[in-house]
Amino acid sequence: MTEQNNLSKVMAIHTDMLQTNHYCYFELAYTRYTDWIVWICSNAREQDPNRKVLLQGQGSTPEEACADAVSRYEQEQSI
């Protein structure tokens, strides 16, 4: 079995979340101010102003942003 890269791990987490929340969405984006960011939210802000950010991370590459997100998510899950 090959080891998953962090982007694949984020996508797997999102797939699991979709089993119970069909409205949660994944986004990976780049901006000049934040470099790469990744997050999964419970719902679109336009549809739910009280949406929750379920996973988030930031880094200088997409892989670093996903590594940060996976690390934060695993820490939150272990609490």
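This report describes the helices, strands and selected residue contacts of a predicted model.

## Helix α1

Helix α1 runs over residues 6-18 and has 13 residues. Its first and last C-alpha atoms are 18 Å apart, close to the 18 Å expected at 1.5 Å a residue. Five residues of α1 are buried: Asn6, Val10, Ile13, His14 and Met17. These residues lie on the same side of α1, because they cover an arc of only 100 degrees around the axis. An α-helix has 3.6 residues a turn, so residues three or four places apart point the same way.

The N-terminal end of α1 is capped by Asn5, which has a side-chain oxygen 3.2 Å from the backbone nitrogen of Leu7. Asn6 belongs to the helix itself. The relative accessible area of Asn6 is 16%, so the residue falls under the 20% limit for buried. Apart from neighbours within four places in sequence, Asn6 is in contact with Glu63, Cys66, Ala67 and Val70.

## Helix α2

Helix α2 has 16 residues, for which 1.5 Å a residue gives a span of 22 Å. The distance between its end C-alpha atoms is 22 Å, in agreement with that value. Ala65, Cys66, Ala69, Val70 and Tyr73 are the buried residues of α2. Viewed down the helix axis, they fall within an arc of 130 degrees, so they line one face of α2. The elements against which they pack are α1, β2 and β3. Two of these buried residues, Cys66 and Val70, are also among the contacts of Asn6.

Ser71 is another residue of α2. Its relative accessible area of 35% makes Ser71 partly exposed. The C-alpha atoms of Ser71 and Gly57 are 8.6 Å apart in space, with 14 residues separating the two in sequence.

The model has one salt bridge. The partners are Arg72 and Asp68, and their closest N and O atoms are 3.2 Å apart. This distance meets the criterion for a salt bridge, because the cut-off is 4 Å between a side-chain nitrogen of Lys or Arg and a carboxyl oxygen of Asp or Glu. In general, side chains of opposite charge can pair when their charged atoms come close.

Both partners are in helix α2, where Arg72 and Asp68 are four residues apart, about one turn of the helix. Arg72 is partly exposed at 35% relative accessible area. Asp68 is also partly exposed, with a relative accessibility of 23%.

## Strand pairing

Strand β1 covers residues 25-31 and strand β2 covers residues 35-41. The two strands pair in the antiparallel sense, over seven bridges. A hairpin of three residues joins β1 to β2. Across this pair, Leu28 stands opposite Val38 in β2, and Glu27 has Trp39 of β2 as its bridge partner. In a regular strand the side chains alternate between the two faces of the sheet.

Strand β2 also pairs with β3, again in the antiparallel sense, over six bridges. Here Trp36 stands opposite Gly59 in β3.

Asp35 is in strand β2. Its phi is near 60 degrees, a positive value in a residue other than glycine. Most residues other than glycine have a negative phi. At 30% relative accessibility, Asp35 is partly exposed.

Asn43 is in the loop between β2 and β3. Not counting residues up to four places away in sequence, Asn43 touches Tyr23, Tyr25, Asp48 and Arg51.

Notes
Residues numbered from 1 in each chain as written. Predicted model: local features only at pLDDT ≥ 70, side-chain atom pairs only at ≥ 80, totals over all residues. Heavy atoms only, no water. Pairing = 2+ DSSP bridges. Expected span 1.5 Å × (residues − 1). Buried < 20%, exposed > 50% of the residue type's maximum accessible area, 1.4 Å probe, protein only. Arc of directions from axis to C-beta. Polar contact = N/O pair within 3.5 Å; in protein donor to acceptor, adjacent residues only side chain to side chain. Contact = heavy atoms within 4.5 Å.
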